[in-house]
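Dear colleague,

Please find below the structure that I am handing over to you, followed by an account of what was found in it.

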Amino acid sequence: MGERAIFIGKGRKLGLYVHWNGGYDSVYPMLEYCKLKGYRSPESDSYGLARLCQVYANFFGGGLSVGLETMQHNMTADYVAQQGLDHGVYEIENWQIAKHWGWSGEGNGWFTLDNMV
């Protein structure tokens with residue numbers, strides 16, 4: 001079992017799949033690092049996503065840590081569950097989490113950042 005997640009830039013269809021370290025405690029520092037480095041954010045163009053891929057791959061290494069995913073479906077709880085994404089899908093804007101589809105893990109079921117309390 002991994003800690004799988006996908007990152008997409010707001011309004012984009014191409015995303016970064018991570019097999020490990022897709023939880024918020026790992027995601028937040030990665031996004032902060034990219035922001036501090038002054039990289040373009042993933043919603044602006046493909047270079048932003050490429051930098052995030054680079055940072056994840058360089059940090060975690062290995063041959064199966066990251067991949068690219070084309071998002072061809074509307075984001076629903078069923079889609080996230082079907083893909084086996086333990087930590088769901090993060091939509092990134094300006095190196096911040098603009099939206100997050102995932103599992104609350106506390107009996108509250110599926111959530112988006114919009115309906116988290």
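**Contact between two helices**

Ser 26, Val 27, Met 30, Leu 31, Tyr 33 and Cys 34 of helix α1 meet Leu 52, Val 55, Tyr 56, Phe 59 and Phe 60 of helix α2, where contact means heavy atoms within 4.5 Å. By class, this contact of α1 with α2 comprises 10 nonpolar residues, 1 polar residue and no charged residues; Ala, Val, Leu, Ile, Met, Phe, Trp, Tyr, Cys and Pro count as nonpolar, Asp, Glu, Lys and Arg as charged, and the others, Gly among them, as polar.

Please note that this is a predicted model, in which local features need pLDDT of at least 70 and side-chain atom pairs count only at pLDDT 80 or more, while totals for chains, interfaces and linings use all residues. Residues are numbered from 1 along each chain as its sequence is written, and side-chain values use heavy atoms, with hydrogens and water left out.

The axes of α1 (residues 24–37) and α2 (residues 46–60) come within 10 Å and cross at roughly 120°; these axes are lines fitted to C-alpha atoms, for helices over the stretch in contact, and angles run from 0 to 180 degrees between N-to-C directions. Overall, the protein has 3 helices and 6 strands, which are DSSP runs numbered from the N terminus (helices: H or I, at least four residues; strands: E, at least two). Along the sequence their pattern is β-β-α-α-β-α-β-β-β.

Leu 52 is placed in helix α2 and counts as buried at 0% relative accessibility (buried means under 20% relative accessible area, exposed over 50%, partly exposed in between, with a 1.4 Å probe and protein chains only). Apart from its neighbours within four places in sequence, Leu 52 is in contact with Phe 7, Leu 16, Leu 31, Cys 34 and Trp 95. The C-alpha atoms of Leu 52 and Leu 16 are separated by 7.9 Å, although these residues are 36 residues apart along the chain.

A search of the whole structure finds 5 aromatic pairs (rings of Phe, Tyr and Trp, its six-membered ring, with centres within 6.5 Å; planes under 30 degrees apart count as stacked, over 60 as edge-to-face and the rest as tilted). Phe 7 and Tyr 56 form a tilted pair, at 5.5 Å centre to centre and 40° between the planes. Phe 7 lies in strand β1 (residues 5–9) and Tyr 56 in helix α2, so the pair ties together parts that are 49 residues apart in sequence. Phe 7 is buried, with a relative accessible area of 1%, and Tyr 56 is buried at 1% relative accessibility.
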